[in-house]
Amino acid sequence: MSSQAIECSVLHRLLASVATVALLSSLTSCTFQQSQSNNSAVASSNTGANSAEVKTLVLRVGFISSESKLPIGPEGWALQKGTLTPALKSLGVTEVKFIPFVGGPALNEALVSGQLDMGLYGDTPAIVGRAVGLPTKLINQTRVGQNAWLVTKKNGPRLVSQLKGTKVGVAKGTYPHRYLMGLLEKEGLTKDVKVVQIPSADAKPALERGDISAYPFAMGAGPTLVSQGFSAIDQAKDHQGLVGTGVSVVTENLLSRHPELPQKWNQIRRQALQEIKANPEEFYQFAAVASGNVPLAIAKESYPLDLYPTEPFTPEGLKLLNSTKQFLVDQKLLKSDFDIKDWQIPNP
């Protein structure tokens with residue numbers, strides 16, 4: 001059965017057995033946490049895409065962002081430079097639509113209901129989606145070594161140990177969530193810290209009100225808050241195995257109709273990376289503007305060039321991906337285990 005044939009009722013049955021797992025809580029609703037403009041954008045494209053008569057394709061690609069209209073990396077760079085869509089013309093692609101989502105769980109919903117063809121997002125929500133039967137295949141790892149900043153309220157805790165007995169917020173189902181849970185386990189605080197669900201957009205006000213003592217922020221937001229006087233008492237990069245990776249997935253439905261897409265996509269990505277590494281300052285200008293016109297220094301700290309691997313998969317990246325999956329299994333946060341190799345597209 002294609003992903004576009006999966007009804008919301010099927011999604012509910014699929015997730016029913018894991019509805020009590022906090023990590024999946026925001027996957028159980030069939031209501032997207034997006035703006036009306038996002039909903040109309042995804043709903044209006046690719047009508048009748050399963051028909052044999054369709055000769056063109058609007059490629060709908062979801063990504064995670066609260067500010068940017070483009071993913072910050074080679075994919076967004078290629079679209080901005082005008083090279084992405086022409087390079088996909090041989091596949092019948094007439095337009096590439098990048099659609100922002102506030103978090104991985106919402107992007108998973110869009111994938112499972114057939115409103116997206118591809119997703120660029122963190123490893124944790126992608127693994128969670130696959131574990132509950134989301135019909136996707138892994139094209140590549142877009143980023144390897146995504147940092148997260150554990151930010152505290154002003155005049156708040158200065159050591160991780162001082163979080164004992166407090167509430168810490170997190171957007172559950174994201175890669176910073178995996179970092180936070182791993183950090184608390186390393187520090188022996190798993191049972192002594194109350195972890196509460198707070199969307200990233202609401203995290204700063206929650207810190208300022210004192211509702212929570214800390215929050216793990218992703219790239220962009222973390223350095224920005226530090227520049228505003230907040231303290232980062234820990235970073236994922238300081239702990240082996242707790243940095244995140246980003247992944248690209250494609251729906252099995254689209255893959256069945258365009259099996260050549262993964263290889264072409266990775267060729268385009270590799271070419272864009274060559275351009276970025278030859279023009280680093282121009283890339284950081286792009287990243288700064290795409291992040292909501294943040295200072296250049298914050299863009300450089302958030303998106304170092306070595307974050308983006310040239311090859312679709314690397315030994316380091318796969319090690320991190322498997323480590324994250326195993327952590328989720330050990331924490332009983334996955335409905336079922338699976339082999340990453342079975343998820344990967346061979347030689348994409």
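**Exercises around Thr94 and its sheet**

Thr94 lies in strand E2, residues 93-101 (helices, H or I with at least four residues, and strands, E with at least two, are DSSP runs numbered from the N terminus). You are working with a predicted model, where local features need pLDDT of at least 70, side-chain atom pairs count only at pLDDT 80 or more, and totals for chains, interfaces and linings use all residues. Residues are numbered from 1 along each chain as its sequence is written, and side-chain values use heavy atoms, leaving out hydrogens and water.

**Exercise 1.** Find out why Thr94 counts as partly exposed, and which residues Thr94 is in contact with.

*Solution.* Step one: take the relative accessibility of Thr94, which is 46%. Step two: compare it with the classes, buried under 20% relative accessible area, exposed over 50%, partly exposed in between (1.4 Å probe, protein chains only). Thr94 therefore counts as partly exposed. Step three: leave aside neighbours within four places in sequence; the contacts (heavy atoms within 4.5 Å) are Thr56, Leu57, Val58 and Thr85. For Thr56, 38 residues away along the chain, the C-alpha separation from Thr94 is 6.1 Å.

**Exercise 2.** Work out the strand order of the open sheet, and which strands stand at the edges.

*Solution.* Step one: pair the strands (two pair if DSSP finds at least two bridges between them); the 5 strands run E2-E1-E3-E10-E4, with mixed pairing. Step two: E2 and E4 (136-146) each have a single partner strand, so one side of each lacks a neighbour in the sheet. Step three: look at E4 and E10 (residues 244-251), antiparallel strands joined by 8 bridges. Lys137 has Val250 in E10 as its bridge partner.
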